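Subject: Structure handover

Hello,

Here is the structure I said I would pass on. My notes on what was found in it follow below.

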Amino acid sequence: MTVTAGWGMAREVIPRDHLADGVWPSGTLAADAPPGAHLGQAIATALAAAMTRRAIGVRELARLAEATHPTVKAALDGSRLPATHTIFLLEVALQTPLYPAGLFAQLPPGSGD
């Protein structure tokens, strides 16, 4: 059974599976990529940049955020869309916003149908 969350988007969306060209997360998503793929890409991009700025690795960030390193790695490599509370914990640990608050404006209503 697939649980959906708006626009027929499965919560189990694997963001990188919707990559049309290039490498994750800087590549281009497919035109029909669901909103979750766009969200995952934006979070992975912001997370990687924040980790680079802070010169922090996956395991250390996981420790600081009280998350597991596979969770952080999955967010970075696009193999899983992180939970909202995980994003918040990462933001607190990094002291930087990761959630793309204006992303909705880039997606037309019904995108990803």
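Arg16 is partly exposed, with a relative accessible area of 37% (buried means under 20%, exposed over 50%, partly exposed in between, with a 1.4 Å probe and protein chains only). The model is a predicted one, in which local features need pLDDT of at least 70 and side-chain atom pairs count only at pLDDT 80 or more, while totals for chains, interfaces and linings use all residues. Residues are numbered from 1 along each chain as its sequence is written, and side-chain values use heavy atoms, with hydrogens and water left out.

Salt bridges

There are 3 salt bridges in the structure (a side-chain nitrogen of Lys or Arg within 4 Å of a carboxyl oxygen of Asp or Glu). Arg16 pairs with Asp77, the closest N and O atoms being 3.5 Å apart. This pair links distant parts of the chain, 61 residues apart: Arg16 is in the segment before β1 (19-21), and Asp77 is in helix α3. Helices (H or I, at least four residues) and strands (E, at least two) are DSSP runs, numbered from the N terminus. Asp77 is partly exposed at 22% relative accessibility.

Asp77 also forms a salt bridge with Lys73, at 3.2 Å between the closest N and O atoms. Both residues lie in α3, 4 residues apart, about one turn of the helix. Shared partners join Arg16, Lys73 and Asp77 into one network.

In the remaining pair, Glu60 and Arg63 have their closest N and O atoms 2.6 Å apart. Glu60 is partly exposed at 34%, and Arg63 counts as exposed at 53%.

Helix α3

In α3 (residues 69-77), the residues Thr71, Val72, Ala74, Ala75 and Leu76 are buried. Their cover includes α1 (35-54), α2 and α4. The axes of α1 and α3 come within 7 Å and cross at roughly 115 degrees (axes are lines fitted to C-alpha atoms, for helices over the stretch in contact, and angles run from 0 to 180 degrees between N-to-C directions). Ala44, Leu47, Ala48 and Met51 of α1 meet Val72, Ala75 and Leu76 of α3 (contact means heavy atoms within 4.5 Å).

Just after α3, Gly78 has a positive phi of about 75 degrees.

Helices α2 and α4

The axes of α2 (residues 58-65) and α4 (residues 84-94) come within 8 Å, crossing at roughly 100 degrees. Leu61, Leu64 and Ala65 in α2 meet Leu89, Leu90, Ala93 and Leu94 in α4.

Regards
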